[in-house]
Amino acid sequence: MTTDVTYEQHLATLSQGSVDLHFDPFVDIDWDSYDVSPENPEWILPPEHEMGAHPWYQSLSPERQRQIGRAYMAQVAKVGLEFENLLIRGLMQYVYDLPNGSAEFRYVTHEATEETHHTQMFQEFVNRCEYDAPGMQQWTKTFVMQTLIPGFARLFPEFFFILVLGGEEPIDHMQKVYLRAGEGKIHPLMRRIMQIHVAEEARHISFAHAKLTEDAPGMGKVRRGLLSVLTPLAFRIMADMILIPPGRMCADLEIPREVIKDIYWEAPERRVVLSEIFGDVRMLSTKVGLLDNRVARRLWKKLRVDGAPSRFRGEIHDRSIHEAESAQHHAA
């Protein structure tokens with residue numbers, strides 16, 4: 001690492017943080033104090049939400065807005081717990097061969113413990129929403145999620161931790177957007193869940209950044225080249241998997257396909273959001289040399305996950321700049 005703090009010292013700090021500040025969803029959330037009935041107007045999605053900002057959603061009756069908002073929140077939680085499940089599997093594969101005395105073993109098992117609590121928290125929320133949220137597309141569950149990705153934890157750990165960031169960064173970014181919007185912008189139970197999740201995910205994201213920074217210098221030319229090409233592909237695919245509702249949910253809620261297409265593929269704001277989501281990982285990719293070849297740079301642009309890298313982790317980007325860049329891109 002390039003700072004005065006060694007990798008092992010960083011891991012020790014993260015491990016102590018997990019001891020000093022951790023949450024139990026059945027201790028730190030008073031579940032029964034929240035109104036999760038379908039009549040609660042707090043289910044209506046705010047303008048900060050991509051669906052909440054769409055004219056089609058805004059034209060609906062309050063009853064339909066509540067129905068869709070409640071289901072959307074359940075879907076977000078279901079996708080979150082499925083990704084956490086994937087992450088836990090990969091982490092357990094990764095630590096299996098670590099030697100005695102490894103500082104990574106202690107931190108990674110702290111993280112797996114926290115992720116397990118997150119799956120409990122998300123599933124409890126889904127259950128209370130009383131909507132059978134489908135989660136990710138079935139093909140991702142049966143092949144990508146259950147078979148392919150956990151195997152990378154042992155065969156290609158650098159790519160596994162890229163995949164970790166590909167899942168964590170979009171969820172973390174969108175949760176911070178809602179939290180920054182202030183009280184009253186999202187259902188208070190989901191807001192409390194997001195507060196807990198963001199607090200602990202900060203450590204998890206920090207570890208993935210540190211791990212890749214530590215391991216990058218030892219990568220050979222071929223391995224680094226492969227990782228540089230796979231990185232933007234993974235980020236774009238995982239962002240879509242996490243953020244775009246599946247077809248079954250759209251059919252259940254009678255959301256027109258044109259609305260989904262408009263929100264997630266055609267709207268200029270979509271490029272802005274994708275650029276914002278991956279500012280931190282573009283910073284990391286620049287730092288560890290994953291943007292040093294022309295093919296990788298072209299892929300970042302082609303997949304619309306390019307843009308200026310963050311200057312520091314967690315930087316809030318100036319959306320007006322991104323909107324101007326997006327307008328120029330679409331005009332070109």
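Start by selecting F159: at 7% relative accessibility, F159 counts as buried, since buried means under 20%. Keep in mind that this is a predicted model.

**Stop 1**

Now go to Y107. At 0% relative accessibility, Y107 is buried. Y107 and F207 form a tilted one, with 5.0 Å from centre to centre and 50 degrees between the planes. Look at where each ring sits. Y107 belongs to helix α5 (residues 103-129) and F207 to helix α8 (residues 188-215), so the pair ties together parts that are 100 residues apart in sequence. Next, return to F159 and show F152 with it. Their ring centres are 4.9 Å apart and their planes stand at 85 degrees, so this pair is edge-to-face.

Now select Y94, Y107, F160, F161 and F207 together. Ring pairs link these residues into a cluster.

**Stop 2: helix α14**

Move on to residues 294-302, helix α14. Which of its residues are buried? They are A296, L299 and W300. These cover an arc of only 100 degrees around the axis, which puts them on the same side of α14. Turn to the face pointing away from that buried side. There you find the exposed residues R294, V295, R298 and K302.

What covers the buried residues of α14? The cover includes α9 (221-243) and α13 (279-287).

Finish at the two ends. At the start of α14, a side-chain oxygen of N293 comes within 3.2 Å of the backbone nitrogen of V295. Just after α14, select R304, which takes a positive phi of about 65 degrees.

Note on methods: Residues are numbered from 1 along each chain as its sequence is written. This is a predicted model: local features need pLDDT of at least 70, side-chain atom pairs count only at pLDDT 80 or more; totals for chains, interfaces and linings use all residues. Side-chain values use heavy atoms; hydrogens and water are left out. Buried means under 20% relative accessible area, exposed over 50%, partly exposed in between (1.4 Å probe, protein chains only). Helices (H or I, at least four residues) and strands (E, at least two) are DSSP runs, numbered from the N terminus. The arc is that of the directions from the helix axis to the C-beta atoms. Contact means heavy atoms within 4.5 Å. A polar contact is a pair of N or O atoms within 3.5 Å; within protein, one must be able to donate a hydrogen and the other to accept it, and residues adjacent in sequence count only if both atoms are side-chain atoms. Rings of Phe, Tyr and Trp (its six-membered ring) pair if their centres lie within 6.5 Å; planes under 30 degrees apart count as stacked, over 60 as edge-to-face and the rest as tilted.
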